[in-house]
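Please look over the sequence and the model shown below. A short report on some of its parts follows.

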Amino acid sequence: MPPRSHTSATPAIRKAGTVCGSVAHADPAAELPAVLLALDGEVALRSARGVRVVAADQFFRSYFTTVREPDELVVAVRIPATARRIAFHEVTPRMAGSTGEFATVAVAASAERDDAGRFTSVSLGYAGVAERAIRAPEAEVLLTGGEPTAEAITAAAESAASAVDPPVDVHAGREYRRHLVRALTRRALGELSSP
């Protein structure tokens, strides 16, 4: 896959669209919800009753559905300041040179490492593999506290691929999406484990 300088939207959409709008829209193939999950973000909702803050992993419910009430507006997305390393990889339907397409599969990964190089925490967010952006908690647990060896990364990628129940659509079937989860997870974790 050739590297891409922009992985989120076309120039026109980047100028007109908003982070809050993408998160509120809750498209299961959108990149920003997966990134928000991987970074342990929060969503601030405002109504006449006031402001409430919802953790990203509690915000997304299903296809284009969130916990937002009809009278609430997404007014902020909060991502904690962190020293975490971050990686993002995706495959889109017309990958080469295209922008502005939703992901067939995307992975957003973040991790912290101790002085010995072990992962002290790992977060994996996925788009395009379920009815909403999701995390892979079993894969995260496999990596946390351990050295980022090729075997550990492969085991985590297998765990993530086994845990998803991807949709079938005109772009990809279940097995292809699982294959992409494996490959993109290995790539992202490999990037996070490099010195």
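Thr104 touches Val91, Thr92, Pro93, Ala127, Gly128, His171, Ala172, Tyr176, Arg177 and Leu180, leaving aside residues up to four places away in sequence. Contact here means heavy atoms within 4.5 Å. Thr104 sits in the loop between β6 (85-91) and β7 (105-113). Thr104 is buried, with a relative accessible area of 4%. Buried means under 20% relative accessible area, exposed over 50%, and partly exposed in between (1.4 Å probe, protein chains only).

This is a predicted model: local features need pLDDT of at least 70, side-chain atom pairs count only at pLDDT 80 or more, and totals for chains, interfaces and linings use all residues. Residues are numbered from 1 along each chain as its sequence is written, and side-chain values use heavy atoms, without hydrogens and water.

Next come the strands. Helices (H or I, at least four residues) and strands (E, at least two) are DSSP runs, numbered from the N terminus. Two strands pair if DSSP finds at least two bridges between them.

| Pair | Sense | Bridges |
|---|---|---|
| β1 (residues 42-47) and β2 (residues 50-55) | antiparallel | six bridges |
| β1 and β5 (residues 73-78) | antiparallel | five bridges |

A hairpin through two residues joins β1 to β2. Arg46 stands opposite Val51 in β2. Val43 has Val77 in β5 as its bridge partner.

Now the helix α6. It covers residues 150-163, 14 residues in total. Its first and last C-alpha lie 20 Å apart, close to the 20 Å expected at 1.5 Å a residue. That expected span is 1.5 Å times one less than the number of residues. Buried residues of α6 are Ala152, Ile153, Ala156, Ala157, Ser159, Ala160 and Ala161. Their cover includes β8 (119-127), α5 (137-143) and α7 (174-193).
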